[in-house]
Amino acid sequence: MERTYDAVVIGSGFGGSVAALRLAEAGHSVLILERGQNYSAGDFPRNIQKTKEILWQSAKSSEFNGLFDIKFYADMGVVSASGVGGGSLIYASVHVKPSAEVFDDPGWPDDINLTTLEPYFQKVDRELSLEVAPKDLDIPKRDYFHQASRSLNVDVIDPTQAIDWDNCRLCGECEVGCQYGSKLSLDKTYLQKAQKLGTEIRANAQVTFVEPNFHGYMVHFLDLKNKRIRRQVKAKIVVVSAGTLGTNELLLRCRDVYETLPNISNQLGVGFSANGDFLGSIRNSEFSLNPWIGQDVTSIAKIKHNDGYFTLAAPSYNQAISNVLALMGQPQGKMLRFIGPIVWKHFNGVLPWAMSKGLINNPIKSKLSSDPDNFTNLFSMGRDNANGVIKLNNQKLEIEWNYYQENRELIDAMIKTMKEYAKAYGGEFSPMMTWNMSERPLVFHPLGGCRMSPRAEEGVVSLSGEVHGYPGLYVSDASLIPSSIGYNPVMTITALAEHNAERMIDSI
Ligand SMILES: Cc1cc2nc3c(=O)[nH]c(=O)nc-3n(C[C@H](O)[C@H](O)[C@H](O)COP(=O)(O)OP(=O)(O)OC[C@H]3O[C@@H](n4cnc5c(N)ncnc54)[C@H](O)[C@@H]3O)c2cc1C
Ligand code: SF4
């Protein structure tokens, strides 16, 4: 048995880092349990054939202790991170405030809106030293995206980003881990500050379940670097911040498998959103894009759609990744449609196999290939109907949602706009291969499942993020977001975590 802490925080991403820092500042002893490893500048894995370093698959084997958690469910694939710093290790560091109308969605508590969150946006801005990329940096892909947006009469902004611009090498590797220490990820900001106040971070510690005891809670975890030994730690307060899928899975298991938290609301898992994520690409643009010069994402366009909007960016990566993506193109056609649904079912096994055999980093040239200099990805986010349900089927996590059928109008509008951009670039458009296979999206911004509400019949947690029926047990991460946002969501997730941390500290 380990020592007892005032608070244990599960997961070291955005929600968890904010909670840990604010608890430590309030004088509490804090332990963060994080399933992934510590990474420093220069440590991030690059050889994709070394799948154990790249992929997180710890349910199968502790050897797969990598940075990327990529899972394929029945109706979509989801990408998230594993490591001390959570999603900040692999995010593009784009911070944008949401549009005011997001908060009109009935899922949001009445007193949370753009105005009430403003002080917390400012707090996040200060902690992460957010800044727009200097205009005088020479980033050709940024200029082309602006030019295309202007020609289509679309508003475009360059967002604030958590990057130390004086030291940024403009190398296009933000989403595979910054080797130069120039991205101001959580390990360099919130977590570092929390550690200075005495917070302990235990990496390679995967929490399996939480149970109440007379003291508060007992948190059970596996020591992944030590033969998966089971360990426990006690705390008065527990903050679950394992990211949307991690938090929903942990609480579902506590309620339905371990039965240690049997009274969690039946709203758990309801209201999952993919933030309207949709990926495409342009190949054979008529001009050289130099896609490898600059940070991964430079600009965001806001496209009017019905009474609302969706957004579009053109992420692109270093030369090695650009070569692979351009050479591969985005396979499409009847044959792919035919075998796609069968392959999809086995993707969780097929992906590591294909990576380890070198089938992904050495694709065969075809008529779909493009010169890498004339290739870019496109990425849209929009207001999907947040109608997904996260559940356990035979103890296995599943997401159920007929995404395309329920959000067809939105996706079709995104495809139409992407085609217009491809034309403005003088190139050709294709949706991502995974979409061409089976009309299922690959999601980078999973949200929801633990809605806030004063009543357990309508939400999983209270307005301060405390789980209904379990005093001292809190949730702080993207699972609290009750609707799609349609912009990059991390600014909203982090500001909400700051807002709720204040309420949590007032109440303990
Ligand atoms: C490639 C990529 C690029 C992105 N770029 C952007 C961007 O530029 N802007 C933006 O707004 N959003 C971006 N996102 C999304 C953003 O990263 C997420 O929305 C954000 O990280 C969610 O924060 P969170 O606090 O909910 O959880 P996370 O940041 O995902 O943190 C959860 C942590 O919990 C840990 N964990 C999970 N289960 C357990 C367990 N059982 N025990 C212990 N630890 C556990 C995980 O390892 C992880 O470290 C991007 C996502 C990806 C994949
Ligand atoms: S562009 Fe390169 S150096 Fe700059 S933040 Fe991204 S990964 Fe780091």
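H445 sits in the loop between β21 (442-443) and β22. Helices and strands here are DSSP runs numbered from the N terminus, with H or I runs of at least four residues for helices and E runs of at least two for strands. Leaving aside neighbours within four places in sequence, H445 is in contact with S273, A274, N275, D277, F379, M381 and P489, where contact means heavy atoms within 4.5 Å. H445 is also buried, with a relative accessible area of 15%. Buried means under 20% relative accessible area, exposed means over 50%, and partly exposed is in between, using a 1.4 Å probe and protein chains only.

A quick word on what you're looking at: this is a predicted model, where local features need pLDDT of at least 70, side-chain atom pairs count only at pLDDT 80 or more, and totals for chains, interfaces and linings use all residues. Residues are numbered from 1 along each chain as its sequence is written, chains are lettered from A and ligands numbered from 1 in the order in which they are written, and side-chain values use heavy atoms, with hydrogens and water left out.

Now move along to the loop between β22 (447-449) and β23 (473-475), where you'll find H468. H468 is buried too, with a relative accessible area of 14%. Its side chain reaches the backbone oxygen of S453 at 2.7 Å. That is a polar contact, meaning a pair of N or O atoms within 3.5 Å; within protein, one must be able to donate a hydrogen and the other to accept it, and residues adjacent in sequence count only if both atoms are side-chain atoms. Not counting residues up to four places away in sequence, H468 touches N263, S453, P454, R455, A456, G459, V460, V461 and S462.

V460, one of those partners, lies in the loop between β22 and β23 as well. V460 is buried, at a relative accessible area of 0%. Follow the chain from V460 to N266 and you cover 194 residues, yet in space the two are 7.7 Å apart, C-alpha to C-alpha. Beyond its neighbours within four places in sequence, V460 is in contact with I264, S265, Q267, L268, G449, C450, R451, E466, V467 and H468.

G66 counts as buried, at 0% relative accessibility. G66 and S82 are 16 residues apart in sequence and 6.9 Å apart in space, C-alpha to C-alpha. S82 is among the contacts of G66, along with Y39, K52, E53, I54, L55 and W56, once neighbours within four places in sequence are left aside.

For S93, the distance from a backbone N or O atom to an oxygen atom of ligand 1 is 3.2 Å. The protein covers 94% of the 1,000 Å² of accessible area that ligand 1 has on its own, with areas from the Shrake-Rupley method and a 1.4 Å probe; for residues, only the protein chains shown count as cover.

Next, helix α9 (residues 347-356), whose buried residues are F347, L351, P352, A354 and M355. They sit on the same side of α9 because they cover an arc of only 165° around the axis, taken from the directions from the helix axis to the C-beta atoms. Just after α9, G358 takes a positive phi of about 80°.

N284, in the loop between β14 (278-283) and β15 (300-305), has a positive phi near 55° and counts as partly exposed at 29% relative accessibility. N306, in the loop between β15 and β16 (308-313), has a positive phi of about 50° although it is not a glycine, and is exposed, with a relative accessible area of 57%.
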